[in-house]
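Work through these exercises with the structure open beside you. Try each task before you read its solution.

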Amino acid sequence: MTSVLTVHPKENLYLNSFCFGFRLNDKSIFLPDFLKHLLRSKSIRTQIVKAANGVTRFNVSKKVLAKVVLPIPPMQEQIRIATILDNFERLVNDISDGIPAEIEARRKQYEYYRNKLLTFKRTA
């Protein structure tokens, strides 16, 4: 599991022996909002899983974790990707935004297919 803090926490945070904490010293390399999505991506998760060992509780050594390769796109690309993924995440997780947006999308889909089917024109 990964988490990226994108706001300053109101309370102190503590890590136990099964957690790693990293602080970005150079914030011009990664946009935190991009990094939170990147660390959840399949390609990065696959690398992290390969670095883990254990049966009921998994451990990852810092030495092995340091070998995980993170792509670093230009900052403008990170902003673009983070914006798109944040919007999708909001739609999926925010019931007040997500459900009306989904209903509207399905309504448009229905109208499209209804109009297409009711023209009675065959397509190849």
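**Exercise 1.** In which helix does His 37 lie? Decide whether His 37 is buried or exposed, and list what it touches.

*Solution.* Keep in mind that this is a predicted model.

Step 1. Locate the residue. His 37 lies in helix H1, which spans 32-38.

Step 2. Check the accessibility. Buried means under 20% relative accessible area. His 37 has 14%, so it counts as buried.

Step 3. List the contacts, leaving out residues up to four places away in sequence. His 37 touches Ala 82, Leu 85, Asp 86 and Glu 89.

**Exercise 2.** How many aromatic pairs does a search of the whole structure find? Describe the geometry and the burial of the residues involved.

*Solution.* 

Step 1. Count. The search finds one aromatic pair.

Step 2. Name the partners. They are Phe 30 and Phe 34. Phe 34 is found in helix H1.

Step 3. Read the geometry. The ring centres of Phe 30 and Phe 34 are 6.3 Å apart, with 10 degrees between the planes. Planes under 30 degrees apart count as stacked, and this pair is stacked.

Step 4. Check the burial. Phe 30 is buried, with a relative accessible area of 6%. Phe 34 is also at 6% relative accessibility and counts as buried.

**Exercise 3.** Which residues are in contact with Phe 34, leaving aside its neighbours within four places in sequence? Follow one of these contacts, Gln 78, to its own surroundings.

*Solution.* 

Step 1. List the contacts. Phe 34 is in contact with Pro 71, Pro 73, Gln 78, Ile 81 and Ala 82.

Step 2. At 0% relative accessibility, Gln 78 counts as buried.

Step 3. Look around Gln 78. Not counting residues up to four places away in sequence, it touches Ile 29, Phe 30, Leu 31, Phe 34, Ile 72 and Pro 73. Both members of the aromatic pair, Phe 30 and Phe 34, are on that list.

Step 4. Phe 34 and Gln 109 are 75 residues apart in sequence and 31 Å apart in space, C-alpha to C-alpha.

**Exercise 4.** Which residues of H2 are buried, and why do they line one face of the helix?

*Solution.* 

Step 1. Pick out the buried residues. In H2 they are Ile 44, Ile 48 and Ala 51.

Step 2. Look down the axis of H2. The buried residues fall within an arc of 55 degrees, so they line one face of the helix.

Step 3. Turn to the face away from the buried side. This face of H2 carries the exposed residues Lys 42, Val 49 and Lys 50.

Step 4. Find the packing partners. The buried residues of H2 pack against H1, strand S1 (52-53), S2 and H3.

Step 5. Leu 38 is found in helix H1 and touches Ile 44, along with Phe 30, Leu 70 and Pro 71, not counting residues up to four places away in sequence. Leu 38 is buried, with a relative accessible area of 9%.

**Exercise 5.** What volume does the largest pocket have, and which element gives the most to its lining?

*Solution.* 

Step 1. State the volume. The largest pocket has about 1900 Å³.

Step 2. Identify the elements. Those that give two or more residues to the lining are helix H1, helix H2, strand S2 (59-60) and helix H3 (62-65). H2 gives the most, with four residues.

Step 3. Find the centre. The lining has 41 residues, of which Ser 3, Phe 20, Gly 21, Phe 22 and Leu 39 lie nearest the centre of the pocket.

Step 4. Sort by class. The lining has 27 nonpolar, eight polar and six charged residues.

Methods:
Residues numbered from 1 in each chain as written. Predicted model: local features only at pLDDT ≥ 70, side-chain atom pairs only at ≥ 80, totals over all residues. Heavy atoms only, no water. 1 Å grid on protein atoms, 1.4 Å probe; cavity = no way out; pocket = protein on both sides within 12 Å on 5 of 7 lines; lining within 4 Å. Points joined across faces, edges and corners; volume = space filled by probe spheres on them. Nonpolar A, V, L, I, M, F, W, Y, C, P; charged D, E, K, R; others polar. Buried < 20%, exposed > 50% of the residue type's maximum accessible area, 1.4 Å probe, protein only. Arc of directions from axis to C-beta. Contact = heavy atoms within 4.5 Å. Phe/Tyr/Trp six-rings, centres within 6.5 Å; stacked < 30°, edge-to-face > 60°.
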